[in-house]
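Here are some notes to read alongside the model. Could you keep the viewer open as you go through them?

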Amino acid sequence: MSSIPPRRLVATDLDGTLLDASGKVTPRTAAAVVAARAAGIHVVPVTGRPPQAMWSAVDGAGLGPYAVCSNGAVTIDMEERTVVEELNLSAAIATRLVERVRAAIPGAVFATDNLDRFCHETSFFDRPVTWEEEIEEVPDIKAALEQPCIKLIVRLPGTGALELIAMLEGVVGEEGHTTTSGLDWVDIGAPGITKAYALERVCARLGVHVDDVVAVGDNHNDLSVLGWAGTAMAPSNAVAEVLALADRVLPHHDREGVAVLLEEMARG
């Protein structure tokens, strides 16, 4: 028997949670997703990744029917691979924030995420990256801000993300929402846009009450959705702030903790 009451939807982060250390869905986890979906349970990815950086990791895993991407800025229909909702940071606000951050935090470097590519300033990465999504290097990020973006990304080499968030608080103010997924940079999205905001809208589409939602995550950008959901869970590798919020701690993400949960729920 399941140790938790029946639930209708599992909202799971990807990196550090559903995916293993290599960034893949293991065969066991894929089978557990299929079993849960067959039992009538929605299994919704809720990730900081933009859609184009998600597909290769989750193809064939049977997740859905929706996905929340880019920390809540983009909602995707998983079967149709179409954008259901896109909540951008306006070009004017993003440009203004770049100017403010540069004035307040010398040495800060920038990138942007969008639905077609990741743009970054020349000094953003310490070493070359080999991502599957399209990457464009620009000398000044403002050249990539002629259109709205999903999120503006800030990095200060040698400074951790949480320290940088504290430095950004007074600079960003109410014009954006700051968070981190564990990398040494900070994501700035549109005001009020979080994983929880987007998931609440997904649940409204599906007719699922918040009490019937189990959320699983491992990092700071998961705190909003873990605090909102009826039940909060975390893999044992989660950061301390997430573990403190969790109603239950699952096995480490590299030991298929989410699969353990879904198998249990599918059995009923």
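1. **Ground rules.** This is a predicted model, in which local features need pLDDT of at least 70 and side-chain atom pairs count only at pLDDT 80 or more, while totals for chains, interfaces and linings use all residues. Residues are numbered from 1 along each chain as its sequence is written, and side-chain values use heavy atoms, with hydrogens and water left out.

2. **The largest nonpolar core.** A nonpolar core here is a set of buried Ala, Val, Leu, Ile, Met, Phe, Trp, Tyr and Cys residues joined through side-chain atoms within 4.5 Å. Buried stands for under 20% relative accessible area, exposed for over 50%, and partly exposed for what lies in between (1.4 Å probe, protein chains only). The largest core has 36 residues, and those with the most contacts inside it are Val-10, Met-54, Val-58, Leu-63, Val-216, Leu-261 and Leu-262. Two or more residues each come from helix 1 (14-18), helix 2 (27-38), helix 3 (55-58), strand 3 (66-69), strand 4 (74-77), strand 12 (213-216) and helix 9 (257-267). Helix 9 gives the most, with 5 residues. Helices (H or I, at least four residues) and strands (E, at least two) are DSSP runs, numbered from the N terminus.

3. **Val-10 and its partners.** Contact means heavy atoms within 4.5 Å. Not counting residues up to four places away in sequence, Val-10 touches Ile-41, His-42, Val-43, Val-44, Val-214, Val-216, Leu-261, Leu-262 and Met-265.

4. **Helix 2.** Its 12 residues reach 17 Å from the first C-alpha to the last, close to the 16 Å expected at 1.5 Å a residue (1.5 Å times one less than the number of residues). Which residues of helix 2 are buried? They are Thr-29, Ala-30, Ala-32, Val-33 and Ala-36. Seen down the axis of helix 2, these buried residues fall within an arc of 160 degrees, so they line one face of the helix; the arc is that of the directions from the helix axis to the C-beta atoms. On the other side of helix 2, Pro-27 and Ala-38 are exposed. The buried residues of helix 2 pack against helix 1, strand 2 (42-45) and helix 9. Just after helix 2, Gly-40 has a positive phi of about 90 degrees.

5. **Helix 9.** The buried residues in this helix are Gly-257, Val-258, Ala-259, Leu-261, Leu-262, Glu-264 and Met-265. Gly-268 follows helix 9 with a positive phi, near 80 degrees.

6. **The largest pocket.** On a 1 Å grid over the protein atoms alone, a pocket is an open set of points with protein on both sides within 12 Å along at least five of seven lines, a cavity is a set of points where a 1.4 Å probe fits but cannot get out, and lining residues have an atom within 4 Å of a point. Grid points are joined across faces, edges and corners, and a volume is the space filled by probe spheres set on the points. The largest pocket has a volume of about 850 Å³. Of the 36 residues lining this pocket, Asp-15, Arg-49, Trp-131, Leu-183 and Trp-185 are the closest to its centre. Strand 9 (151-155) supplies the largest share of the lining, 3 residues.

7. **The cavity.** There is 1 cavity of 30 Å³ or more, and about 70 Å³ of space lies in the largest cavity. Strand 11 (186-189) gives the most to its lining, with 3 residues. Other lining residues include Ser-70, Asn-71 and His-177.

8. **Backbone details to check.** Ser-70 is found in the loop between strand 3 and strand 4, and has a positive phi of about 55 degrees although it is not a glycine. Is Ser-70 buried or exposed? Ser-70 is buried, with a relative accessible area of 3%. Asn-71, in the loop between strand 3 and strand 4, has a positive phi of about 60 degrees without being a glycine, and is buried at 7% relative accessible area. The peptide bond from Gly-64 to Pro-65 is cis, with omega near 10 degrees.
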